[in-house]
Amino acid sequence: MDYSLLKDKQREVRDGFSENLALRVHRALSWLNKSEQCNDDQDSQFIFLWIAFNAAYAQDTEVLRHSESEAFSLFIEKLVELDSSGGMSELIWSQFSSTIRVLLDNQFIFQPFWDHHNGKLSEDEWKERFSKAKAAANYALSNKRTDIVITIILQRLYTLRNQIVHGGATWNSGANRAQIRDGVSFLSKLVPILIDIMMDNPDQLWGEANYPVVSV
């Protein structure tokens, strides 16, 4: 599933969308399209895919009193419940089962690892948190909790997103190629599925999109 197929579907069904859903889908598709145009630049692909994901789920987290991580956790939980075709489960348990464990074992996308290097946590503290986080992830994996597994992966990729967006990484650096590669591979499959599920469920309450279009 790619931008072209999703855009064709959007044109067919968008008359049944609420204003907020229409705006979310339109924006998410625009950034997905841009990501697909950057096949020779995985850093850019990752950024544009994250923006597409953000466009799909983001609400005013200050008003809702949710952190960004909590917000996309609730979003993923809702989408898994609505996923009648099983695309999200197929993604996790068939297509990305091995990649998931690689991402979970990567300390460079685990925020407490960097908190330790910034003097906020001791070495024992970050390692203990890493061990507990892996145990929680393994529990979710063994119990086929698709929503929790996806949320944990996104939390790790959110650390990678912060590194790049806040200038904590070099463009095309060899130091983070593995996590960038795996992040792009995962998000390029996940984001289209999310958009597709949203379009299949226009009757659901998706909330107001951030920064609505305002006429002046």
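Modeller: Asp-115 is buried, with a relative accessible area of 14%; buried means under 20% relative accessible area, exposed over 50% and partly exposed in between, computed with a 1.4 Å probe on protein chains only. The model is predicted, so local features need pLDDT of at least 70 and side-chain atom pairs count only at pLDDT 80 or more, whereas totals for chains, interfaces and linings use all residues. Residues are numbered from 1 along each chain as its sequence is written, and side-chain values use heavy atoms, with hydrogens and water left out.

Asp-115 belongs to helix α8, residues 111-117. Helices here are DSSP runs of H or I with at least four residues, strands are runs of E with at least two, and both are numbered from the N terminus. When residues up to four places away in sequence are not counted, Asp-115 touches Lys-120 and Leu-121; contact means heavy atoms within 4.5 Å. Glu-125 is 10 residues from Asp-115 in sequence, and the two are 9.9 Å apart in space, C-alpha to C-alpha.

Gln-163 has its place in helix α10 and counts as buried at 14% relative accessibility. Gln-163 touches Phe-108, Trp-114, Gly-168 and Ala-169, not counting residues up to four places away in sequence. Ser-131 is 32 residues from Gln-163 along the sequence and 22 Å from it in space, C-alpha to C-alpha. Asp-83 sits in the loop between α5 (68-82) and α6 (87-95) and, at 11% relative accessibility, counts as buried. Its contacts, leaving aside neighbours within four places in sequence, are Met-88, Ser-89 and Ile-197. Asp-83 and Asn-201 are 118 residues apart along the chain, yet their C-alpha atoms are separated by 9.5 Å.

Helix α10 also holds Thr-151, which is buried with a relative accessible area of 7%. Apart from neighbours within four places in sequence, Thr-151 is in contact with Phe-72, Ser-73 and Ile-76. Phe-72 and Ile-76 are also among the residues that Leu-154 touches, together with Trp-50, Phe-53, Phe-186, Leu-187 and Leu-190, not counting residues up to four places away in sequence.

A nonpolar core is a set of buried Ala, Val, Leu, Ile, Met, Phe, Trp, Tyr and Cys residues joined through side-chain atoms within 4.5 Å. The largest nonpolar core has 55 residues, of which Phe-53, Phe-75, Leu-154 and Phe-186 touch the most other members. Helix α11 gives the most to this core, with 12 residues. Apart from it lies another core, of 6 residues, including Phe-110, Phe-113, Trp-126 and Ala-133.

In the loop between α9 (123-142) and α10 (146-165) lies Lys-144, whose phi is near 55°, a positive value in a residue other than glycine. Lys-144 is exposed, with a relative accessible area of 52%. In the loop between α10 and α11 (177-200) lies Asn-172, which has a positive phi of about 60° although it is not a glycine. Asn-172 counts as partly exposed at 45% relative accessibility.

Axes are lines fitted to C-alpha atoms, for helices over the stretch in contact, and angles run from 0 to 180 degrees between N-to-C directions. Helix α2 (residues 19-36) packs against helix α1 (residues 3-13) at an angle of about 155°, with the axes 10 Å apart. The two are therefore roughly antiparallel, where angles under 35 degrees count as roughly parallel, over 145 as roughly antiparallel, 65 to 115 as roughly perpendicular and the rest as oblique. On the α1 side the contact is made by Tyr-3, Leu-6, Lys-7 and Gln-10, and on the α2 side by Val-25, His-26, Leu-29, Leu-32, Asn-33 and Glu-36.

Helix α2 also packs against helix α3 (residues 42-57), at an angle of about 170° and with the axes 8 Å apart. This pair, α2 and α3, is therefore roughly antiparallel as well.
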